[in-house]
Every structure is written in C-alpha cells, then in structure tokens.
Amino acid sequence: MSTTIGASASLLLNYTRSGQAVLDAQPSLAQLLSEDATTGSQLPASATVALSDEAKAYLARTSASTTTDSGATLASRAGNARQWFDQQYQSLGISSALIGGKVAVDLTGQSRATLSAVASNAQGLFSRDESAAAATALQSRFDAALTPYAVVARHTGNYAGLYDAALNYVNAAGPDEQATKAWQDQKQALVEGAAAARANPGKAPETKNAADPIQALLGKASTGGTSTPQTSIAAVAANARALLDAQADSAKDKGTKLVFDDSDKTGQQVDFTAFDNRSLAAITLNQGSAFSAGEIRAAKAELDQRNRASVLDTLKATSGGSDSASASLALVNRYTAMSTEEKAALGISDRFTSQLVQTYQSIQATQGRLGGNASQGLAGYL
C-alpha cells in the first residue's frame, strides 16, 4: 500500500534529507509561500494565528490512544480499568501502580477517557497510587501533544498560540472528563493564561496557577524534562564498540569477517538492529576515536535511512502529508526530541529547527489568508 505525499509535504521532506546543507542550498518553504519573499518578511512575535482545522485535528489525534471506548459508560470504563490493574499486579508480581514514585504499569494502551476515570477515582474503585499514575499518564500525553507548540512559542514569543492549542486539546475531552473538577480547573487556568499571554505578548505569562498545565510543561522543558541523568555519550560509545566487537568475534567463529558495505559479499554484514539512534550517532561522530572508517560510514548510512523512514512516517501520520501545518509541526516535535549527538550526526542545527518553525507560521498565515478553504489543506492550492 502506497501513500501519496502532498506537494507542500514533499518540500518539508526536502528539509530533512541532509540537515544543514539543505538550508544553505535552497529557499525555505516559508520563503516560497510568503507574499513578500523578496523582503523575507516575518510574522511579528506578538501576532496571534488562529489554529486551522488541520491543527485542531492534529491535536485531537495526538490526544487519542490505541484503545477506543467511545461507547462505554463511565461505570463500565472504571470497572474494566479495575480488572486491568488487578491483572497487571498479578502478572508483574507487584501490588501498586507506583514503585519508588515511578509509574510501574504500562498505561499506553489505555484511552484518555479511561485514564481520566482512574485519575478522578470514578466509582471509588481506585487507590491513590493508581489515580496518581493515571494523572501522570494524562499529563505526559498533554506534554507530547503540546511540546511542538511550546517550541514555536519560544521561537516567536507567541505564547497565546500555545495556550490556544492547549485549549483545543482539553476541549477534545469526552463529557465524563469534562465533568471532573480537575478538567474544569485546568480549562479555567488555560482561559486565564491565554488572556494573560495576549495582554503581555512576547513572554510566557506567570499564572502561578497549579492547575495550569502549560506552566508545568514549560518548567519541565527549561530543566531538561527529567531529573534522571542521561547515560553519558562515552558510555554509549563504549557499548556500541562492545556490540561491534561481539559481531566481529561471531564472524571469526564462522571463519569469515565482519563487513560494512552491502556490496561486499566476502563476509558477515554488520547488523545494526540492536543499536539505537544515539549509539549510531556516537559511532558516526567517532566518540573516543574508537571506530574505523568503515564502521563510521555504515553507521551514518543506517542513521540517515532511519531518519528518512521516520520523516516519511511522520508525514503519513498527518493525513498522508497533505496537512502541511500539522506535518511541519510534527517535524518540529521530532527534531526537538532528538539527542544532541543525533542532531550533530545528521547536521540538524538550531537554525534548521527555526526554519521549520517559520514554515509552520507561514503555512498558518497563508491558510488564514485563504479564508474558508483552509480546511482543504494547503496542498490543494499548490
């Protein structure tokens, strides 16, 4: 099954193929779409762009989960969740959803409505730890959906747009969630935050409201998002070296050698399946001068291929690439989430991310100028 990527999304894909070199070699999509490309005019930092129907749909999609229960009642959702927790405890050999303050069960398959039911202790069926775990999962999904908008806000100073996106996200909740006090407090905090952002553009409003999820999101982003130290790149490189050595030893045991070129049929082809992207980046950057030229070339080729595949998956997930605003926003999110080493290996700079943000702004502004036909997606006009 093939997926056709819209014309504008194809231009977005061109951004990703060779990182910084693309920026130097061709004009940005923002420049191509601007009414005044010759002057390179930009939107003012304080400008507020209404979210298009595509952007609203993107937020609704990211708030959904792999499990749907739209026809279920609150009581049935709560009952099913109670059974699920009990099954998890039995299979995992634990007695609580939190261990050492960390969520110990996998809630990724639970719907937003189910998580809300657990967080609000619907029917009085859930422990304090279970409700806390569900609330953590809900916040994580909110953070994942709104992080690209936070990147845009920090590049442009348009924090009102960030609050508008958050309001669209919370408004996508079902009626049972909207009936909870937590949802109502969050909604009110966002309404007040949006008003404060418009009254004082160019910086994040200091709402000092514990129910404001944007304040929590910005706080996490400014502190690196986690208190758990990341494995050092030296340790990642050492592990990658050990994995390659193990494959080389295995090849010797078979009376052959480890090779790093698909066209070389004289030995055992290197297998990067067990290597994550940061490990491939460590090899590509030759951390500690521990890797050969062949290993570096092969790791870079694998990393490039994974990046292209990930970009295509991102574009396919946004209406097959025809939803240009959502596609550019999703790409901002993807590159922001990359490790420092992966960005360096792929040539992804802050300027590159800024160009993607400008692309998103330009598409939104152009859709606004096109008026009522914006819901067709920008690709329809190209």
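Trainee: Why is A104 called partly exposed?

Mentor: A104 has a relative accessible area of 29%. A residue is buried under 20% relative accessible area, exposed over 50%, and partly exposed in between, with a 1.4 Å probe and protein chains only. The value of 29% therefore makes A104 partly exposed. Please note that this is a predicted model, in which local features need pLDDT of at least 70 and side-chain atom pairs count only at pLDDT 80 or more, while totals for chains, interfaces and linings use all residues. Residues are numbered from 1 along each chain as its sequence is written, and side-chain values use heavy atoms, with hydrogens and water left out.

Trainee: Where does A104 lie, and which residues does it touch?

Mentor: A104 is in the loop between β2 (102-103) and α6. Helices here are DSSP runs of H or I with at least four residues, strands are runs of E with at least two, and both are numbered from the N terminus. Leaving aside residues up to four places away in sequence, A104 is in contact, meaning heavy atoms within 4.5 Å, with L92, I94, S96, A97, L98 and I99. The C-alpha atoms of A104 and L92 are separated by 9.2 Å, and these two residues are twelve apart along the chain.

Trainee: What makes α6 mostly covered?

Mentor: Six of the eight residues of α6 are buried. They are R112, T114, L115, S116, A117 and V118.

Trainee: Is N121 buried, partly exposed or exposed, and how do you know that?

Mentor: The relative accessibility of N121 is 30%, so N121 counts as partly exposed.

Trainee: Which class does K208 belong to, and why?

Mentor: K208 has a relative accessible area of 76%, and is therefore exposed. The residue is in the loop between α10 (181-199) and α11 (213-222).

Trainee: Why is S76 called partly exposed?

Mentor: S76 stands at 28% relative accessibility, so S76 counts as partly exposed. S76 is part of helix α5 (residues 74-92). Between the C-alpha atoms of S76 and Q123, 47 residues apart along the chain, the separation is 9.9 Å.

Trainee: How are α7 and α8 oriented to each other, and how do you know that?

Mentor: Two packed helices are described by the angle between their axes and the distance between the axes. The axes of helix α7 (residues 128-156) and helix α8 (residues 159-171) come within 8 Å and cross at roughly 160 degrees. Axes are lines fitted to C-alpha atoms, for helices over the stretch in contact, with angles from 0 to 180 degrees between N-to-C directions. Angles under 35 degrees count as roughly parallel, over 145 as roughly antiparallel, 65 to 115 as roughly perpendicular, and the rest as oblique. α7 and α8 are therefore roughly antiparallel to each other.

Trainee: Which residues of α7 and α8 meet?

Mentor: R141, F142, A145, L146, Y149, A150, A153 and R154 of α7 meet Y159, L162, A165, A166, Y169 and V170 of α8. By class, this contact has twelve nonpolar, no polar and two charged residues. Ala, Val, Leu, Ile, Met, Phe, Trp, Tyr, Cys and Pro count as nonpolar, Asp, Glu, Lys and Arg as charged, and the others, Gly among them, as polar.

Trainee: What is the orientation of α14 to α15, and why is it called that?

Mentor: Helix α14 (residues 293-317) and helix α15 (residues 324-336) pack at an angle of about 140 degrees, with their axes 9 Å apart. That angle makes α14 oblique to α15. The residues of this contact divide into six nonpolar, three polar and one charged.

Trainee: How is α8 oriented to α10, and what makes it so?

Mentor: α8 and α10 pack at about 160 degrees, with their axes 8 Å apart. That makes α8 roughly antiparallel to α10. Their contact has eleven nonpolar, three polar and three charged residues.

Trainee: How many helices and strands does the chain have, and what share of its residues counts as buried?

Mentor: The chain has 17 helices and four strands. Of its 382 residues, 44% count as buried.
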